[in-house]
Amino acid sequence: MGFLSHRVERSEIKPGDHIYTYRAVFTYSHHGIFVGGSKVVHFTPRQNANSSSDTSSDFYNSMSSIPSSCETFPDCGFRQLDSGVVLSCLDCFLKKGSLYCFEYGVPPTVFLAKVRGGTCTTAASDPPETVIHRAMYLLQNGFGNYDVFQNNCEDFAMYCKTGLLVMDRLGVGRSGQASTVIGAPLAAILSSPLKLLIPSPVGVATVTAGMFCMSRYATDIGVRSDVIKVAVEDLAMKLSWAGPLEEAPEDDDASGAMIAR
């Protein structure tokens, strides 16, 4: 995994890694947690939900849906009723796309040098066993309603890796992709008046790019002040999730067997 690309080979990833792949000709990336045994736990819009957050992401759902059957792994596509958290095999997760590994604990200089969001964070990762425990617990208990800007697949994977939760539910979530989508137009708008002061298009572009990078950095969970550490067992209560999905007791033996299949 180099500075310019986070692309990795399958042999390089380890259980507990945050992985992703690009969809729709690099339009966006889909994220998940590799839990070992060629299995990935990831978050998608709920197929049987009627909430506005799910219906607003029909395009994403059509691109990220999991096949109804997998010839290699019978439990591929497993999810609890009315939950968006899914267990898939690595092949079905990638959908013939390339494999990338999300990077944690990067220095601010490296983070700012990344042109595209959703590839790294300055926040540190928790140990792999903690990451896998969170992912398997959420597979059994759900991760609330999917929201493109506040609770998406990248948010899910970043929570599993760090346990950090953004408490300002009116703002942008943990997702670097969401920050990029919002930050790019905002930087362009804010830099527009500078055209009167900076005659050179190159100068305006440089200032705009700088404002964009700083807006991404300001929303990174590693530097935000509105994030707290929340145990996965307390997550539903902390967010006051409401819905038909009931919390089920954690069964580590059952989760281990599911990964090993």
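1. Buried here means under 20% relative accessible area, exposed means over 50%, and partly exposed is in between (1.4 Å probe, protein chains only).

2. A word on what you are looking at. This is a predicted model, in which local features need pLDDT of at least 70 and side-chain atom pairs count only at pLDDT 80 or more, while totals for chains, interfaces and linings use all residues. Residues are numbered from 1 along each chain as its sequence is written, and side-chain values use heavy atoms, with hydrogens and water left out.

3. Back to the cysteines. Cys 92 and Cys 70 are 22 residues apart in sequence, with 7.9 Å between their C-alpha atoms.

4. Now the strands. Strand 1 (18-23) and strand 2 (residues 28-36) pair in the antiparallel sense over six bridges; two strands pair if DSSP finds at least two bridges between them. Within this pairing, Thr 21 faces His 30 in strand 2. The hairpin has four residues between the strands, and Ala 24 there takes a positive phi near 50°.

5. Strand 2 also runs antiparallel to strand 3 (residues 39-43), joined by four bridges. Phe 34 has Val 40 of strand 3 as its bridge partner. This hairpin has two residues between the strands, and here Gly 37 is the residue with a positive phi, near 60°. Is strand 2 enclosed or open? Nine of its nine residues are buried, so strand 2 is largely enclosed by the rest of the structure.

6. On to charge pairs. There are five salt bridges in the structure, a salt bridge being a side-chain nitrogen of Lys or Arg within 4 Å of a carboxyl oxygen of Asp or Glu. One of them joins Asp 91 and Arg 10, at 2.7 Å from N to O. Asp 91 lies in helix 3 and Arg 10 in the segment before strand 1, so this pair ties together parts that are 81 residues apart in sequence. Asp 91 counts as partly exposed at 43% relative accessibility, and Arg 10 counts as partly exposed at 45%.

7. Lys 39 and Asp 75 form another salt bridge, with their closest N and O atoms 3.2 Å apart. The pair links distant parts of the chain, 36 residues apart: Lys 39 is in strand 3, and Asp 75 is in the loop between helix 2 (58-64) and strand 4 (85-89). Both Lys 39 and Asp 75 are buried.

8. Asp 226 and Arg 224 meet in a salt bridge too, at 2.9 Å from N to O. Asp 226 counts as partly exposed at 22% relative accessibility, whereas Arg 224 counts as buried at 13%. Separately, a network of salt bridges links Asp 126, Arg 134 and Lys 229.

9. Asp 17, in the segment before strand 1, is buried yet has no salt bridge; its nearest side chain of opposite charge is Lys 14, 4.1 Å away. The Asp 17 side chain does reach the backbone nitrogen of Lys 14, at 2.8 Å. Leaving aside residues up to four places away in sequence, Asp 17 touches Glu 12, Gly 32, Ile 33, Phe 34, Cys 101 and Lys 161 (contact means heavy atoms within 4.5 Å).

10. The other is Arg 23, in strand 1. Arg 23 is buried and has no salt bridge, and the nearest side chain of opposite charge, Asp 91, is 11 Å away. What lies 3.5 Å from a polar atom of the Arg 23 side chain? The backbone oxygen of Leu 94.

Technical notes: Lys and Arg count as positive and Asp and Glu as negative; His and the chain ends are not counted. A polar contact is a pair of N or O atoms within 3.5 Å; within protein, one must be able to donate a hydrogen and the other to accept it, and residues adjacent in sequence count only if both atoms are side-chain atoms.
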